[in-house]
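Hi everyone, thanks for having me. I'd like to walk you through one model today, starting with its charged side chains and ending with its core. Please have a look at it first.

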Amino acid sequence: MRRMILVTLTLLFTLPAMAGEDKSKQKRNEFEKKELARIAEKIRSGEIDVGKDYSTNVKTGRFHIIHADKLMMDCTNCHFGVRYRDDYQAVDKYKPYP
């Protein structure tokens, strides 16, 4: 009986905190989506120049510039793993696609 009371009290105190975390996480996600949309619009309008090279080249490729430089995505979002099967196709197995 004591254990059940402790569990109930614990739940009463932790559930509202968890709900608050969900709301703050949801607000953060909404902010991030708005920020990504704002950056995307600036790229489309030409306000942010990401070049004309439609490739994943680290220095000049639009794909890499947009994701790594402008959106500040971590490289491990696309470049992952240490060992690959011979037939495995990842964004960057050995070097960026031409």
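Let's begin with a pair you can find by number: the side chains of glutamate 47 and lysine 42 meet in a salt bridge, with 3.6 Å from N to O. Before going further, please remember that this is a predicted model, and that the values I quote are computed from it.

How accessible are the two partners? Glutamate 47 has 57% relative accessibility and counts as exposed, while lysine 42, at 25%, counts as partly exposed. If you are new to this, here is the general idea: side chains of opposite charge can pair when their charged atoms come close.

How many salt bridges are there in total? The count comes to 3. So let me show you the other two pairs.

One of them joins arginine 44 and glutamate 41, whose closest N and O atoms are 3.3 Å apart. These residues sit 3 positions apart in helix α1, so about one helical turn separates them. Arginine 44 is exposed, at 61% relative accessibility, and glutamate 41 is partly exposed, at 43%.

The remaining pair is glutamate 35 with arginine 38, and here the N to O distance is 2.4 Å. Again both residues belong to helix α1, 3 residues apart, about one turn of the helix. Glutamate 35 is partly exposed, with a relative accessible area of 26%. Arginine 38 is partly exposed too, at 38%.

Now for a charged residue with another story.

What does arginine 62 have around it, then? A polar atom of its side chain lies 3.0 Å from the backbone oxygen of glycine 51. Setting aside residues up to four places away in sequence, arginine 62 touches Ile43, Val50, Gly51, Lys52, Asp53, Tyr54 and Ser55.

Arginine 62 is part of helix α2, which covers residues 62–70. In this helix His64, Ile65 and Ile66 are buried along with Arg62. Just after α2 comes methionine 72, which takes a positive phi of about 55°.

Which residues make up the largest nonpolar core? There are 5 of them: Ile39, Ile43, Val50, Ile65 and Ile66. Two elements, α1 (2–45) and α2, each give two or more residues to this core. Take isoleucine 66 as an example: beyond its neighbours within four places in sequence, it is in contact with Ile43, Val50 and Leu71.

Let me finish by stepping back to the whole chain. The secondary structure comes to 2 helices and 0 strands. Of the 98 residues, 13% are buried. The chain exposes about 8,800 Å², and carbon and sulfur atoms supply 59% of that area. Finally, among contacts with a separation of 6 or more, 20% link residues 24 or more positions apart.

How values were computed
Residues numbered from 1 in each chain as written. Predicted model: local features only at pLDDT ≥ 70, side-chain atom pairs only at ≥ 80, totals over all residues. Heavy atoms only, no water. Buried < 20%, exposed > 50% of the residue type's maximum accessible area, 1.4 Å probe, protein only. Helix = DSSP H or I, 4+ residues; strand = E, 2+ residues; numbered from the N terminus. Polar contact = N/O pair within 3.5 Å; in protein donor to acceptor, adjacent residues only side chain to side chain. Contact = heavy atoms within 4.5 Å. Core = buried A, V, L, I, M, F, W, Y, C linked by side-chain atoms within 4.5 Å. Salt bridge = Lys/Arg side-chain N within 4 Å of Asp/Glu carboxyl O. Areas by Shrake-Rupley, 256 points an atom, 1.4 Å probe, with all protein chains shown as cover.
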